Amino acid sequence: MKVFVTGVGGQLGHDVMNELYKRGYEGTGSDIAEVYSGVADGSAVTTAPYVSLDITDAVAVDKTITEINPDVVIHCAAWTAVDMAEDDDKVEKVRAVNAGGTKNIAEVCKKLDCKMVYISTDYVFDGQGTEPWQPDCKDYKPLNVYGQTKLEGELAVSSILDKYFIVRIAWVFGLNGKNFIKTMLNVGKTHDTVRVVNDQIGTPTYTYDLARLLVDMVETEKYGYYHATNEGGYISWYDFTKEIYKQAGYKTKVIPVTTEEYGLSKAARPFNSRLDKSRLAEAGFKPLPTWQDAVSRYLKEIEY
């Protein structure tokens, strides 16, 4: 199986490439940088074939992917800076990447009759209530530009293709790049107390575990919408921080606050990021391990 992976300079793309090579598949990575710009950890992704690609350039996307002629495209590239996406001078750029770039890729996949995986987000929903969001829920009301443009990417994929996996994830952490765990570890080093919101509820997703699931998926033809985070229950960012500090051996005191008390960010955040993952088991896919176990493995991985 030949696979083309976008966004290999990011957390998930990095792990997807390594998972492909672990299984003996032929993977080509891409990102916008001229050369691979992710963590140089000596893993397969750093030695794999790499092409620089601006996914907003439809002609370049068509030419690059057609030449490689993959069986599958796993599309991990996205604009993920949620607050910056709200800036007036950034909105069209964000849309060009998350919606336009995704549409460009989907159109080439249709032409080549290859499978496509699109990584989406709980932000396509309005984040209200307490019920877990179902994969087939169409009650979309994104709260911010990031969520709206990721939804537009979903709609492009589902309208153009039949052979697609749309996989919504949340609260992502991985080796390559910035994430909540790295931020809280750094803050905990220099502060006796930290304030963390306790009224936004969801479940973390470790990209190492998610990469395994995505490659499991593309080995099948069980197309459609899925939700994928680690197991271990729904928690708040406060709960997440407490567990991170406990496992890291920090004595930093964690103080729970409401989103309102914490102070508004530029982009509105969902209170309810609970994703119902039952379809994974129904389709015969192995669920991800618990998030607590994922944190333990991740801390060892970053040698913390």
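What follows is a walk through this structure, starting with its sheet and moving out to the helices around it.

A word on the ground rules: this is a predicted model, in which local features need pLDDT of at least 70 and side-chain atom pairs count only at pLDDT 80 or more, while totals for chains, interfaces and linings use all residues. Residues are numbered from 1 along each chain as its sequence is written, and side-chain values use heavy atoms, with hydrogens and water left out. The helices (H or I, at least four residues) and strands (E, at least two) are DSSP runs, numbered from the N terminus.

Let's begin with the sheet. It is an open one, built from 7 strands in the order β3-β2-β1-β4-β5-β6-β11, and the pairing is parallel. At its edges sit β3 (50-52) and β11, each of which pairs on one side only. Going from one strand to the next, the twist averages 20°. Here two strands count as paired if DSSP finds at least two bridges between them. In general, strands of a sheet pair through backbone hydrogen bonds, either parallel or antiparallel.

Now look at strand β1, residues 2-6. On one side, β1 pairs with β2 in the parallel sense over 5 bridges, and Phe4 has Thr28 as its bridge partner in β2. β1 also pairs in the parallel sense with β4 (residues 72-75), this time over 4 bridges. Val3 stands opposite Val72 in β4, and Val5 has Ile74 as its bridge partner there.

Move on to β2. Of its 6 residues, 5 are buried, so β2 is largely enclosed by the rest of the structure; "buried" means under 20% relative accessible area, with exposed being over 50% and partly exposed in between (1.4 Å probe, protein chains only). β2 runs parallel to β3, and 3 bridges join the two.

Thr28 deserves a stop of its own. This residue is found in strand β2, and it counts as buried because its relative accessibility is 10%. What is Thr28 in contact with, leaving aside its neighbours within four places in sequence? The list is Val3, Phe4, Val5, Met17, Pro49, Val51 and Ile68, where contact means heavy atoms within 4.5 Å. Thr28 and Ala48 are 20 residues apart along the chain, yet their C-alpha atoms are separated by 6.4 Å.

How does the chain get from β1 to β2? β1, helix α1 (residues 11-22) and β2 make a right-handed β-α-β unit. Right-handed here means that, with the strands pointing away from the viewer, the path from the first strand over the helix to the second runs clockwise. Of the 12 residues of α1, 10 are buried, so this helix is largely enclosed by the rest of the structure. Among them are His14, Asp15, Val16 and Met17. After α1 comes Gly24, with a positive phi near 85°.

Back in the sheet, β4 has buried residues pointing both ways: Val72 and Ile74 go one way, and Val73 and His75 the other. β4 pairs with β5 in the parallel sense over 4 bridges, and Val72 stands opposite Lys115 in β5. Another right-handed β-α-β unit is made by β4, α4 and β5.

Helix α3 (residues 58-68) lies across β1, β2 (26-31), β3 and β4, running at about 155° to β1. Helix α5 touches β5, β6 and β11, and its direction makes about 160° with that of β5. These angles run from 0 to 180 degrees between N-to-C directions, with axes being lines fitted to C-alpha atoms, for helices over the stretch in contact. The buried residues of α5 also pack against α4 (91-112). They include Val145, Tyr146, Leu151, Val157 and Ile160.

Finally, turn to a pair of helices. Helix α6 (residues 180-190) packs with helix α8 (residues 237-248) at an angle of about 65°, their axes 10 Å apart. Where they meet, α6 brings Phe180, Ile181, Met184, Leu185, Val187 and Gly188, and α8 brings Trp237, Phe240, Thr241, Ile244, Tyr245 and Ala248.
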